[in-house]
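Let's take a walk through this structure together, one stop at a time. Have the sequence and the 3D view open as you read.

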Amino acid sequence: MSQSVQIKNALISVYYKDNLEPIIHELNRLGVNIYSTGGTETFIRNLGVNVIPVEDLTSYPSILGGRVKTLHPKVFGGILARRSFDGDKQQLKQYEIPEIDLVIVDLYPFEETVQSGAGAEDVIEKIDIGGISLIRAAAKNFKDVVIVASKDDYAGLENILKTQDGATTIDQRRSFAQKAFNISSNYDTHIFNYFNEAEPLPVFKQSIQTSQVLRYGENPHQKGTFYGNLDAMFNKLNGKELSYNNLVDVDAAVALIDEFTEPTIAILKHTNACGIASRSFIKEAWIDALACDPVSAFGGVIIANAEIDAETAAEIDKIFYEVLIAPAFTDEAIQILSGKKNRILLVRQPVELPVKQFKTLLNGVIEQDKDAVIEGPAQMTTVTEKAPTEAELKDLFFANKVVKHTKSNTIVFAKNNQLMASGVGQTSRVDSLKQAVIKAQSFGFDLKGAVMASDAFFPFPDCAELAAEAGITAILQPGGSINDKLSVAMCNEKGLAMVTTGVRHFKH
């Protein structure tokens, strides 16, 4: 196996030419023969460096509007030839094929073209054929060939050319090949997913190029990594790096706050809202959100859908929290909130979020559409003798938004656009209701006139009876139980209004 390979011939054909110039000059200094095509060939020639058109090597012009340029045995033979095989070397000599030791090729911007909203014809033309073939060929023959498939690797190659005078080690070539196969597989994944949108094949493919190693996973003995671009999602103003658990809570916080249009603040612990309120002003929203459960708010994640001003910041500054997210902060607010170095302050950026959710499970992966549905008053069907008032319908809508984002089994109490209490993650819906009643009472909330939302139907009338005893006046549930009539009858007996939505919002 060849260990050190001297670069004598290079093929360069790239879409992006950023930072390519220093490499061209280094190759010229080392006397490397450079083969190129089209715009890259012109770019190199304009640098005053000699370049050999690929057409001179293949004796064949670029055809089909540039679709076929490098797909030729004299190109791929020079890349794929095994230098240690006498038969390969004899054929190179027989057909006058130069050994190509370095390939610098990138790919047409397929993913970017799709994201731009371009039409199908433009998207199809950005499916690279020659480039992907060159990358795979050079990476396959990494024992003898250097492949650079991204401008992100130009600096590494430039350093090798300068410090090793064009000689590369097997480890360096293998490393470049590893990165190249990552690029090619990512490219093919995005192409497949584009074609798989209309009539999807039952295939799971994901490829994310950016990642961030986390301090640890859910617990300190677990490793954790985030795959994605957090910098596109948030501008961090202060604090330490986000942890695995921070990210899980932040994801839940973003999903919840996006349900609301009025100035709203939510406080979350372990992905569940322990406080949320909508008010005319963000400071009022904070005060009423915190009042719901100031004990659980300790060490929580706070999210707002409006700018945090100095007065609001001064109030938030009174408690300990892990993360605070908002679309904007005033300069005075930043000065107040950044007083403690570990507090994480995030400005949320307008980024389109995925519409699918997936996770590993057993020996595979499960995937689903995000729960993007929320039922307002227009989707609420009154099933009791008493209909909810306009104010109760508004509160039921608020409660339904919160219950959708709370772990099952869950019961949510709300009044005047404020969460009063919730029963979270219980194995019995009755237990969730009892838990919510106890929490509301412990923080001094009067449930008389409050409304209740449930993430799933009531199999028995006991929840309706307990809700009435607590002072609840209106209930929202999806309906669908064979015993719905028993819960309806209990509501009628107790003078409660009940609406059904026909939509269940389990969250496990």
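Before we set off, one term: a residue is called buried when its relative accessible area is under 20%, exposed when that value is over 50%, and partly exposed in between. Keep in mind, too, that this is a predicted model.

With a relative accessibility of 9%, Thr-271 counts as buried, because the cut-off is under 20%. You'll find Thr-271 in the loop that links strand 11 (264-269) with strand 12 (272-278).

Asn-416 sits in the loop between strand 19 and strand 20. Is Asn-416 buried or exposed? At 54% relative accessibility, Asn-416 counts as exposed.

The peptide bond joining Ser-408 to Asn-409 is cis, with omega at about -15°.

Now for the strands. In general, strands of a sheet pair through backbone hydrogen bonds, and they can do so in parallel or antiparallel fashion. Start with strand 2 (residues 9-13), which is mostly covered: five of its five residues are buried. Which way do they point? Asn-9, Leu-11 and Ser-13 face one way, while Ala-10 and Ile-12 face the other.

In strand 5, the residue opposite Ser-13 is Val-105. Follow the chain from strand 2 through helix 1 to strand 3 and you trace a right-handed β-α-β unit.

Further along, there is an open sheet of six strands with mixed pairing, in the order 18-23-22-21-19-20. Its edges are strand 18 (381-382) and strand 20 (419-423), each of which pairs on one side only. Within this sheet, strand 21 (residues 451-454) and strand 22 (residues 474-477) run parallel and are joined by three bridges. Met-452, for example, is partnered with Ile-475 in strand 22.

Next, the charged side chains. As a general rule, side chains of opposite charge can pair when their charged atoms come close. How many salt bridges does the structure hold? The count is 21.

Back in helix 1 (residues 21-29), Arg-29 and Glu-26 are three residues apart, about one turn of the helix. They form a salt bridge whose closest N and O atoms are 2.9 Å apart. Arg-29 is partly exposed at 46%, whereas Glu-26 is buried at 12%.

Arg-45 and Glu-41 meet in a salt bridge at 3.0 Å, N to O. Why can they reach each other along the helix? They are four residues apart, so about one helical turn separates them. Arg-45 counts as partly exposed at 40% relative accessibility, and Glu-41 as buried at 12%.

A salt bridge can also join two helices. The side chains of Glu-311 and Lys-283 meet at 3.6 Å, N to O. Glu-311 belongs to helix 14 (residues 310-316) and Lys-283 to helix 13 (residues 282-292), so this pair ties together parts that are 28 residues apart in sequence. Glu-311 is exposed, at 53%, and Lys-283 is partly exposed, at 28%. Elsewhere, Lys-8, Arg-83, Lys-89, Glu-99 and Asp-101 are linked in a network of salt bridges.

Two last stops. Glu-158, in helix 9 (residues 154-164), is buried with a relative accessible area of 19%. Beyond its neighbours within four places in sequence, Glu-158 is in contact with Pro-22 and Ile-23. Finally, Phe-204, Phe-358 and Val-365 make a nonpolar surface patch of about 250 Å². Val-365 lies in strand 17 (residues 364-369) and is partly exposed, at 39%.

Technical notes
Residues are numbered from 1 along each chain as its sequence is written. This is a predicted model: local features need pLDDT of at least 70, side-chain atom pairs count only at pLDDT 80 or more; totals for chains, interfaces and linings use all residues. Side-chain values use heavy atoms; hydrogens and water are left out. A salt bridge is a side-chain nitrogen of Lys or Arg within 4 Å of a carboxyl oxygen of Asp or Glu. Buried means under 20% relative accessible area, exposed over 50%, partly exposed in between (1.4 Å probe, protein chains only). Two strands pair if DSSP finds at least two bridges between them. Patches are made of residues with over 30% relative accessible area and no salt bridge: like charges are joined within 9 Å, nonpolar side chains (Val, Leu, Ile, Met, Phe, Trp, Tyr) within 5 Å. Accessible areas come from the Shrake-Rupley method with a 1.4 Å probe; for residues, only the protein chains shown count as cover. Contact means heavy atoms within 4.5 Å. A crossover is right-handed if, with the strands pointing away from the viewer, the path from the first strand over the helix to the second runs clockwise.
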